[in-house]
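Please read this report alongside the sequence and the structure.

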Amino acid sequence: MSNNPLHQFTITEIVPVEIAGINASFTNSAVAMVATVAVVSIFLIMGMGGRSLVPGRWQSMAELSYSFVADMVRDNVGNEGRKYFPIIFSLFMFILFGNFLGLLPYSFTFTSHVAVTFTLAMAVFIGVTLIGIARHGLHFFTFFVPGGVPAVMLPLLVPIEIISYLSRPVSLSIRLFANMTAGHTMMKVFAAFIVPLGFLGGWAPFAVDVALTGFEFLVAFLQAYVFAVLTCIYLNDSIHLH
Amino acid sequence: MFRPTFGLCVEKWGKRLFSLIFIPEFLGILKMSDKDKRSELDKFDTRLKQAQDNSTAPRGLKAATNEPPKGLGLALRCGADLVSGIAVGVAIGYALDTFVFDSKPWLMVLFFFLGAAAGIMNVFRTVQGLGIAAGYKEDYIERAGKDDNLKD
């Protein structure tokens, strides 16, 4: 049914592949990811191709995105965070362009699938935890013991802290996935009203859709930003352990 | 009576010719008096110096993580933080019940409340601007001393 607002999230297999009983097909989601990587690469590599001292429009967009993330890393992690700039920049550009390309009509938003966002969030979570353990050893686990608390309260507070820590990848992935899914569904719901309401009534949902499109651009950027900034904050926590 | 000397004439017409040949942006600078030019250059100098300092100085942590996020960003973060705490709590409780202790549903109930507490703590920390880190020891102590809201 083409009017189903959730139809846009259906995964379709384009090149069916099965490895050892696991369905590893090349899907429309994978196509969107490959397209995103290609667009990001073109944007950055060709944008910086001129390497002119006074940048043109394209080059200054590429430089702007670089310095935006560089400042974010420096402000939130400090100078020790410079090592981790490449991964944060890649994450940010991947999610940002994935969100933006998903706004094109007939395209597919891969960030609207929790499988994708949870994988990204788990990669961040495991990486950050390993960095913390590598830098601080067993001292890392004092992270879960809040300071200034009487010892009687610790059996209650330590599990809460551990759950709070484990909930990080969940909240990181749910936030991105839920925002993208909700926005795209809402746009489809209003769009489905435009033609049935006719020439006179159809303008109202059309106006809502125009506003929603602008709002979706904001959300697309904001979610990529929040994902990157939270990655920085988590990284900062495990580098500068108190 | 003011009579334009030859030198002034040359300067005037020279400027006009100059402004015709070069791009219009230069016009503004040419019309300025020397004093204006000076202050404009000073302003540019300070801005340049600022930019250079910013890019070279070993900048550590800014207070950014200690500032509560504002507006839409805050709203988007809080909801997910609250829900994810409960979700993880229930998931852990359910897993322990089913696979470890065979004590359905008691651990799930216990961990539901622990998860809810963790979720609320996540939101509390986000709003207080502590980041959403577990165990910010120094901040706890510092803030408990300074901040009356925490004592109340």
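The model is predicted. Chain A has seven helices and four strands. Read from the N terminus, the order in chain A is β-β-β-β-α-α-α-α-α-α-α. Chain B has seven helices and zero strands, and its elements run α-α-α-α-α-α-α from the N terminus.

In chain A, 45% of the 242 residues are buried. In chain B, 24% of the 152 residues count as buried. The contacts within each chain can be described by sequence separation. In chain A, 66% of the contacts between residues at least 6 apart in sequence join residues at least 24 apart. In chain B, residues 24 or more positions apart account for 41% of the contacts with a separation of 6 or more.

Helix H1 of chain A covers residues 28–47. Its 20 residues should span 28 Å at 1.5 Å a residue, and the end C-alpha atoms are 27 Å apart, so the two values agree. The buried residues of H1(A) are A:Asn28, A:Ser29, A:Ala30, A:Ala32, A:Thr36, A:Val40, A:Phe43, A:Leu44 and A:Gly47. An α-helix has 3.6 residues a turn, so residues three or four places apart point the same way. The cover over the buried residues of H1(A) includes strand E1 (13–15), strand E4 (26–27), helix H2 (57–77), H3 and H4 of chain A.

Helix H3 of chain A covers residues 85–102. H3(A) is mostly covered, with 13 of its 18 residues buried.

| Helix pair | Axis separation | Angle |
|---|---|---|
| H1(A) and H3(A) | 9 Å | about 115° |
| H3(A) and H7(A) | within 9 Å | roughly 160° |
| H2(A) and H7(A) | within 9 Å | roughly 35° |

How are H1(A) and H3(A) oriented to each other? They are roughly perpendicular, and H1(A) passes H3(A) in a right-handed crossing. On the H1(A) side, the contact involves A:Met33, A:Ala35, A:Thr36, A:Val37, A:Val39, A:Val40, A:Phe43 and A:Leu44; they meet A:Phe89, A:Met93, A:Phe94, A:Phe97, A:Gly98 and A:Leu101 in H3(A). By class, the contact of H1(A) with H3(A) has 12 nonpolar, two polar and no charged residues.

The axes of H3(A) and helix H7 (residues 203–239) of chain A cross at roughly 160°, which makes H3(A) roughly antiparallel to H7(A). H3(A) passes H7(A) in a right-handed crossing. H3(A) contributes A:Ile88, A:Leu91, A:Phe92, A:Ile95, A:Leu96, A:Asn99 and A:Phe100 to this contact, and the H7(A) residues include A:Phe217, A:Phe221, A:Ala224, A:Ala228 and A:Leu235. The residues of the contact of H3(A) with H7(A) divide into 15 nonpolar, three polar and no charged.

H2(A) also passes H7(A) in a right-handed crossing. From H2(A), the contact uses A:Phe68, A:Met72, A:Val73, A:Asn76 and A:Val77; among the H7(A) residues are A:Phe221, A:Tyr225, A:Ala228, A:Cys232 and A:Leu235. The contact of H2(A) with H7(A) has 11 nonpolar, two polar and no charged residues.

## Two single residues

A:Glu13 is in strand E1 of chain A. Is A:Glu13 buried or partly exposed? Its relative accessibility is 43%, so A:Glu13 counts as partly exposed. Leaving out residues up to four places away in sequence, A:Glu13 touches A:Asn23, A:Ser25, A:Phe26 and A:Thr27. A:Glu13 and A:Asn28 are 15 residues apart in sequence, and their C-alpha atoms are 6.6 Å apart in space. A:Asn28 is among the buried residues of H1(A).

A:Tyr106 is in the loop between helix H3 (85–102) and helix H4 (114–136) of chain A. Its relative accessible area is 88%, so A:Tyr106 is exposed. Phi of A:Tyr106 is near 70°, a positive value in a residue other than glycine. Most residues other than glycine have a negative phi.

Key:
Residues numbered from 1 in each chain as written. Chains lettered and ligands numbered in written order. Predicted model: local features only at pLDDT ≥ 70, side-chain atom pairs only at ≥ 80, totals over all residues. Heavy atoms only, no water. Helix = DSSP H or I, 4+ residues; strand = E, 2+ residues; numbered from the N terminus. Buried < 20%, exposed > 50% of the residue type's maximum accessible area, 1.4 Å probe, protein only. Axes fitted to C-alpha atoms, helices over the stretch in contact; angles between N-to-C directions. Parallel < 35°, antiparallel > 145°, perpendicular 65-115°, else oblique. Left-handed = near helix turned anticlockwise from the far one by under 90°. Contact = heavy atoms within 4.5 Å. Nonpolar A, V, L, I, M, F, W, Y, C, P; charged D, E, K, R; others polar. Expected span 1.5 Å × (residues − 1).
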